Amino acid sequence: MHWNKKRFFTALAATAAVVGFSLSGTLGWQHLKAAQAATNDKKTLVVATPGDMYASSFHDKKGHLTGYEVEIARQVAKGLGMKVEFKELNVAGELTAVASGKADLAAGNFNLSSVYAKRYLFSTPYKYSFGGLLVRAKDQSGIHSWSDLKGKKSAGEAGTSNQRFAQFMGAKLVNYDSANGLMNDVANGKTDFIPNDYYGLSTGMKRSKIQGLTMAKGLYYRTNLMGKGIGFLINKHEPGLQKKINKELAKLQKDGTLSKIMIKYYGHDLTKKPADKDVKYFKVPASVKGE
């Protein structure tokens, strides 16, 4: 038989490709099975959370970690038959912990939006709100219309959807490593306003001992960066855990637990979408980073 060198190496390459594809598929399947097994074997749900954000995650008068998202996370873990461990971090730390696998999810009043879609899985939303501005009471920090935001100092954490909004509106950003000191610096004039979740700001202001603050009247907003609501950000490689968390959230929604938790901290049931008739919508370009 005549030996064709070219045909021989072509056939050899084709065989190698098939074997390689088979091994790749096998390894991919094994990786998926291993990831699923790891999820099933989990004993502890690790939750990254700020610990200094009322009413999401904060410390009560006795120093105990509490808040609406802390309670929801505990209820979810209980339903899953797991223990829960909280890691108190700032926004950047929360995001890094979840992305790196050091935490399973982040509970920090996160908007489920395109800002996070590429790096994280989302739970179903359990809270709905809109943005508001916390300002000085004596003169509303000179902010009486949206155009007044230009040149004013906006206090917040870098890269958040609210600081991106403030930057888009022409404000000067004053970024903090955590939520500590934000309200105090508005009151003393170091900054002019805080853009954030309306209910979180208004209830936090009432709870705070800091005097001379108010919510800007008639200035309520939503942006494209706020997504479909507020929920947990989950590690990208744990779709099995995402499914289980969403199943537990559905149970908590159905039996009224989520509503009770919201009313406890906010005095309102924020598990339902609000009527946005007095809320102005803004589209913030992706190029605006809030940094």
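**Close-up 1. Surroundings of I72 in the predicted model.** In this predicted model, and leaving aside its neighbours within four places in sequence, I72 is in contact with Y126, F232, L249, L252, L258, I261 and M262. The largest nonpolar core has 33 residues, and I72 is one of the four that touch the most other members, together with Y68, Y126 and F232. Two or more residues of this core come from each of the elements β1, α2, β5, β13, α7 (239–254) and α8 (257–266), and α2 gives the most, with 6 residues. As general background, nonpolar side chains tend to be buried together in soluble globular proteins.

**Close-up 2. The open sheet of five strands.** Here 5 strands form an open sheet, arranged in the order β4-β1-β5-β13-β6, and their pairing is mixed. Because β4 (83–88) and β6 (120–122) stand at the edges and have a single partner strand each, one side of each is left without a neighbour in the sheet. From one strand to the next, the twist averages 35 degrees. Strand β1 (residues 44–49) and strand β5 (residues 105–111) run parallel and are joined by 2 bridges; the bridge partner of V47 in β5 is L105.

**Close-up 3. Two helices and the sheet.** Helix α2 (residues 68–79) lies across β1, β4, β5 and β13 (230–235), and it runs at about 55 degrees to β13. Helix α3 (residues 91–100) also packs on the sheet, where it touches β1, β5, β6 and β13, and its direction makes about 130 degrees with that of β5.

**Close-up 4. Strand β7 and its antiparallel partners.** Strand β7 (residues 131–136) is mostly covered, with 6 of its 6 residues buried. It is joined by 4 bridges to strand β10 (residues 194–197), and these two strands run antiparallel; G131 stands opposite D197 in β10. A further 3 bridges join β7 to strand β11 (residues 213–215), again in an antiparallel arrangement, and here L134 stands opposite M215. In general, the strands of a sheet pair through backbone hydrogen bonds, either parallel or antiparallel.

**Close-up 5. W146 and F165, an aromatic pair.** The rings of W146 and F165 have their centres 6.0 Å apart and their planes at 85 degrees, so the pair is edge-to-face. Since W146 lies in the loop between β7 and β8 (153–157), whereas F165 lies in helix α4 (residues 161–168), the pair ties together parts that are 19 residues apart in sequence. Both W146 and F165 are buried. A second, separate core of 15 residues includes W146, along with V135, A216 and M226.

**Close-up 6. Further aromatic rings.** The count of aromatic pairs comes to 17. One of them, formed by Y54 and F58, is tilted, with 4.5 Å from centre to centre and 50 degrees between the planes. Y54 has 22% relative accessibility and so counts as partly exposed, while F58, at 7% relative accessibility, counts as buried. Elsewhere, ring pairs link Y68, Y126, F232 and Y266 into a cluster.

**Close-up 7. The whole chain, for orientation.** The protein chain has 8 helices and 14 strands, and of its 291 residues, 47% count as buried. Among contacts between residues at least 6 apart in sequence, 72% join residues at least 24 apart. The chain exposes about 15500 Å², of which carbon and sulfur atoms supply 56%.

Notes: Residues are numbered from 1 along each chain as its sequence is written. This is a predicted model: local features need pLDDT of at least 70, side-chain atom pairs count only at pLDDT 80 or more; totals for chains, interfaces and linings use all residues. Side-chain values use heavy atoms; hydrogens and water are left out. Two strands pair if DSSP finds at least two bridges between them. Axes are lines fitted to C-alpha atoms, for helices over the stretch in contact, and angles run from 0 to 180 degrees between N-to-C directions. Contact means heavy atoms within 4.5 Å. Buried means under 20% relative accessible area, exposed over 50%, partly exposed in between (1.4 Å probe, protein chains only). Accessible areas come from the Shrake-Rupley method with a 1.4 Å probe; for residues, only the protein chains shown count as cover. A nonpolar core is a set of buried Ala, Val, Leu, Ile, Met, Phe, Trp, Tyr and Cys residues joined through side-chain atoms within 4.5 Å. Rings of Phe, Tyr and Trp (its six-membered ring) pair if their centres lie within 6.5 Å; planes under 30 degrees apart count as stacked, over 60 as edge-to-face and the rest as tilted.
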